[in-house]
Amino acid sequence: MDSTRDAVLAILESDEPDYARADRLGAETLPVLEELARTAEPLLASKAAHLASLVPAEGTVCVLEQAARRKEPEVRVAAAAALGNLRGAGNLGAVARLLDRLLHDPDAGVRRFAARTAASLHHVDASPAG
């Protein structure tokens, strides 16, 4: 896992992370991202949440749940915003539950980002097929 952790940190510790590389990351990165979302300093934890939302693997919502539990509102904001990247996620129930929790967060900024995410997901889901 050290090489996986090193690869993740190489992306996240850059001043401007190359999030486009996320599509080359797999499920093996999710435990590292989950740990970072749970324990890293707020900026790194926020970046981990965002990166996890771009990894095409099941289990991403678990990383965002860890970020949403943090006491720092900026990390919870990152989780709320990152949920918008999970449109095609397999576990939409977990996404909806987490989004609902963030819509009721004590911090107004978290609620605002959660509302934006909810609106964007609703807009995409409510669009007519064509």
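**Close-up 1. Serine 46 counts as buried, because its relative accessibility is 13%.** Buried means under 20% relative accessible area, exposed means over 50%, and partly exposed lies in between (1.4 Å probe, protein chains only). This is a predicted model: local features need pLDDT of at least 70, side-chain atom pairs count only at pLDDT 80 or more, and totals for chains, interfaces and linings use all residues. Residues are numbered from 1 along each chain as its sequence is written, and side-chain values use heavy atoms, without hydrogens and water. Serine 46 sits in helix α3. Helices (H or I, at least four residues) are DSSP runs, numbered from the N terminus. Leaving aside residues up to four places away in sequence, serine 46 touches Glu74, Val75 and Ala78. Contact means heavy atoms within 4.5 Å.

**Close-up 2. Helix α1 (residues 2-12) has buried residues: Thr4, Val8, Leu9, Ile11 and Leu12.** They lie on the same side of α1, because they cover an arc of only 155° around the axis. The arc is taken from the directions from the helix axis to the C-beta atoms. On the other side of α1, Asp2 and Ser3 are exposed. The cover over the buried residues includes α2 (30-39) and α3 (42-54).

**Close-up 3. The axes of α3 and helix α4 (residues 60-68) come within 9 Å and cross at roughly 160°.** So α3 is roughly antiparallel to α4; angles over 145 degrees count as such. Axes are lines fitted to C-alpha atoms, for helices over the stretch in contact, and angles run from 0 to 180 degrees between N-to-C directions. Ala48, Ala49, Ala52 and Ser53 of α3 meet Thr60, Val63, Leu64 and Ala67 of α4.

Note on methods
Helices (H or I, at least four residues) and strands (E, at least two) are DSSP runs, numbered from the N terminus. Angles under 35 degrees count as roughly parallel, over 145 as roughly antiparallel, 65 to 115 as roughly perpendicular and the rest as oblique.
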